Structure formats: structure tokens, C-alpha cells
Amino acid sequence: MREWILGAATCLALASGAGAVELNSDGLHAAPWIEETFKDLREDLDDANAAGQRLMLIVEQRGCIYCERMHEEVFVVPDIETSLGEDFYVVRLDLYGGVEVTDFDGEVLTEKAAARKWGLNFTPTMLFLPEAVPEGATAETAAIATVPGAFEADTVRHMFSWVLAHGYEGDETFQEYHSRLLRAGE
């Protein structure tokens, strides 16, 4: 009887959508903190700065199990979700998308071509940009950190704090920072 009740509860939870990730019509994950922009990265950087946020590009693809894991298990952790909405101006690109993107160097290309230009092969990949991008730089060369793949909440949380605190300007690498925080139980 116990197994039947657990089975029925599981079916009910699945039928109600509990734990399911909402997808947009393009098959990419829906999230309230993803900004809908014209994907002109210079304008996006200006908008991020005006909002007092850091520009973060996230590259995803339809059917990506690692993207799903990040959206289901990491990006929904309350402090991470809050940081995504308050501290970061997040612009998503589709690894195989055809929407036009204007890179910081002025080149206009599709999302797919931009990902190829920047040497991105994995999804999700997060690129964190500085407040000012040098003239002629691309998103790849300007990024202060590029994070390919799915990570645990502590790694993402620490990356966010390292970026926001300008840790990349100091002598402590992210890996050293992350290790120090983990040893301290943070």
C-alpha cells in the first residue's frame, strides 16, 4: 500500500508540473531574470551599467541537460536567484540561434556565429563582462571570466561574489578564492 501511495504522489507531482522547468517557444528555459534585448552587446552593457548591474551573457541550447540542471537545481536557489535578478543583467544567446548579435567590436552576426567566433562549445556557458569594454574587444576577449558547464550552487555563488567584488583585479584567482571560501565553510 505504501508503494502505491508513493507512486500515486509521484504521478500527481509530475502531472502538476512540480519540478519541471518551464520552456519558452524556442525550447530554451524561461527565467524572469533573463533580459529580452536587441542583443547589441554595447547597448546591453550600457543598460547593465545604468541599472547598477554586471552584464552576464549565458549561452544555452535547446535540449541541453546541463542547462536544465542549472535552471532546476542551481539558478532557483534563493540567494542565487536573487543575485541573478538584482546584481546581473543577463542576456541569453542560443548556441545554434539565428538571431542577430552585435559584438562589442561592432561585428553583426548570428548567435551561432558569435558562439563560434568566441570559441564556445559547451552549454551552458556564462561570460561575465567588466563595466567598461576596451575599444575593438570582442565578448570573448573582454570577458573577465568564462564559465563553461554546469556547477554546484557554491561554485556559482562564489563566482558571482568574486565578479561583483572585482576579485579578478587582485592577485587571488577565482580557484584560490573559491577554495578559501570552501575551507572556511562559506
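Author: In this predicted model, Trp33 and Phe75 are both buried. A search of the whole structure finds six aromatic pairs, and Trp33 with Phe75 is an edge-to-face pair because the ring planes stand at 80 degrees, with the centres 5.2 Å apart; planes over 60 degrees apart count as edge-to-face. Trp33 belongs to the loop between helix 1 (2–16) and strand 1 (34–35), while Phe75 belongs to the loop between helix 3 (65–74) and helix 4 (78–86), so the pair ties together parts that are 42 residues apart in sequence.

Trp162 and Phe174 also form an edge-to-face pair, with 5.7 Å from centre to centre and 70 degrees between the planes. This pair links distant parts of the chain, twelve residues apart: Trp162 sits in helix 7 (residues 153–164) and Phe174 in helix 8 (residues 174–183). Trp162 has a relative accessibility of 8% and therefore counts as buried. Phe174, at 11%, likewise counts as buried, because the cut-off is under 20%.

One aromatic cluster is formed by Phe88, Phe128 and Phe160. Of these residues, Phe128 has Ala145 as its bridge partner in strand 7. Strand 6 (residues 125–128) and strand 7 run antiparallel and are joined by four bridges.

How values were computed: Residues numbered from 1 in each chain as written. Predicted model: local features only at pLDDT ≥ 70, side-chain atom pairs only at ≥ 80, totals over all residues. Heavy atoms only, no water. Phe/Tyr/Trp six-rings, centres within 6.5 Å; stacked < 30°, edge-to-face > 60°. Helix = DSSP H or I, 4+ residues; strand = E, 2+ residues; numbered from the N terminus. Buried < 20%, exposed > 50% of the residue type's maximum accessible area, 1.4 Å probe, protein only. Pairing = 2+ DSSP bridges.
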